[in-house]
Amino acid sequence: KTTIDVVVNNYKEHPEQVNQELNKVWTITFNDIVSTTSVTNDTIYVLNGKGEEVAVKYSVDKMKVKVQPVKNYTSGETYTLWVKDVKSTTGKTIGKYETLKFTIK
């Protein structure tokens, strides 16, 4: 079994958020109108503490994207929300990856 370490240098890490609700909905605000076709599980996703992807659903409203778990997060677990390669309606891509670590109460 071979493992590969992937290092992402060009990302902005936001301060960790603790004591979040089991069904926490994150609202991501962009500085331009978001192209709905660029919001997918490849561009905005949540990973659990084991690095496994968690099923989420999205709603896009102009410059805001809401990210909601399909089923509740697990109490006491830490997750990471990733945002990358989201595009505006003019075709502009966000410059840096964004990451936010959060823990469920």
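Visitor: Which residue in β8 is the bridge partner of T80?
Guide: K101 is the bridge partner of T80. One caution before we go on: this is a predicted model.

Visitor: Noted. Which strand does T80 lie in?
Guide: T80 lies in strand β7.

Visitor: Is T80 buried or exposed?
Guide: T80 is buried. Its relative accessibility is 16%, and the cut-off for buried is under 20%.

Visitor: How many bridges hold β7 to β8?
Guide: Six bridges, with the two strands paired in the antiparallel sense. β7 also pairs with β3, residues 44-47. That pairing is antiparallel too, with four bridges.

Visitor: Which residue stands opposite L81 there?
Guide: V46 stands opposite L81 of β7.

Visitor: Let's zoom out. What is the order of strands in the five-stranded sheet?
Guide: The order is β1-β8-β7-β3-β4. The sheet is open, and its pairing is mixed.

Visitor: Which strands stand at the edges, and what does that leave?
Guide: β1 and β4 stand at the edges, and β4 covers 53-54. Each has a single partner strand, so one side of each is left without a neighbour in the sheet.

Visitor: How is β4 joined to β3?
Guide: By two bridges, with the strands running antiparallel. In β4, E53 is the bridge partner of L47.

Visitor: What about the sheet of three strands?
Guide: That one is open as well, in the order β2-β6-β5, with antiparallel pairing. β2 and β5 (56-61) are the edge strands. Each pairs with a single strand, so one side of each has no neighbour in the sheet. From one strand to the next, the twist averages 20°.

Visitor: How many bridges between β2 and β6?
Guide: Four, in the antiparallel sense, with β6 covering residues 64-69. As one example, T29 stands opposite K64 in β6.

Visitor: Now the loops. Where is V25?
Guide: V25 is in the loop between β1 (11-20) and β2. V25 counts as partly exposed because its relative accessibility is 33%, and that class runs between 20% and 50%.

Visitor: What is V25 in contact with, apart from its neighbours within four places in sequence?
Guide: K66, V67 and Q68. K66 sits 41 residues from V25 along the chain, yet their C-alpha atoms are separated by 6.4 Å.

Visitor: And M63, which loop is that in?
Guide: M63 is in the loop between β5 and β6. M63 is partly exposed, at 36% relative accessible area.

Visitor: Which residues is M63 in contact with, apart from neighbours within four places?
Guide: There are contacts with I28, T29, F30, N31, D32, I33 and V34. Take D32: it is 31 residues from M63 along the chain, with the C-alpha atoms separated by 5.6 Å.

Visitor: Which of them gives the largest share?
Guide: β8, with three residues.

Visitor: Which residues line that pocket?
Guide: H14, I28, T29, F30, N31, L81, V83, I94, K96, E98, T99 and L100. They divide into six nonpolar, four polar and two charged. L81 turns up here, and L81 is also the residue that V46 stands opposite.

Visitor: Last topic, the whole chain. How many helices and strands?
Guide: Zero helices and eight strands.

Visitor: How much of the chain is buried?
Guide: Buried residues make up 31% of the 105 residues.

Visitor: And what share of the contacts with a separation of 6 or more comes from residues 24 or more positions apart?
Guide: Those residues account for 67% of such contacts.

Terms used:
Residues are numbered from 1 along each chain as its sequence is written. This is a predicted model: local features need pLDDT of at least 70, side-chain atom pairs count only at pLDDT 80 or more; totals for chains, interfaces and linings use all residues. Side-chain values use heavy atoms; hydrogens and water are left out. On a 1 Å grid over the protein atoms alone, a cavity is a set of points where a 1.4 Å probe fits but cannot get out, and a pocket is an open set with protein on both sides within 12 Å along at least five of seven lines; lining residues have an atom within 4 Å of a point. Ala, Val, Leu, Ile, Met, Phe, Trp, Tyr, Cys and Pro count as nonpolar, Asp, Glu, Lys and Arg as charged, and the others, Gly among them, as polar. Buried means under 20% relative accessible area, exposed over 50%, partly exposed in between (1.4 Å probe, protein chains only). Contact means heavy atoms within 4.5 Å. Two strands pair if DSSP finds at least two bridges between them. Axes are lines fitted to C-alpha atoms, for helices over the stretch in contact, and angles run from 0 to 180 degrees between N-to-C directions.
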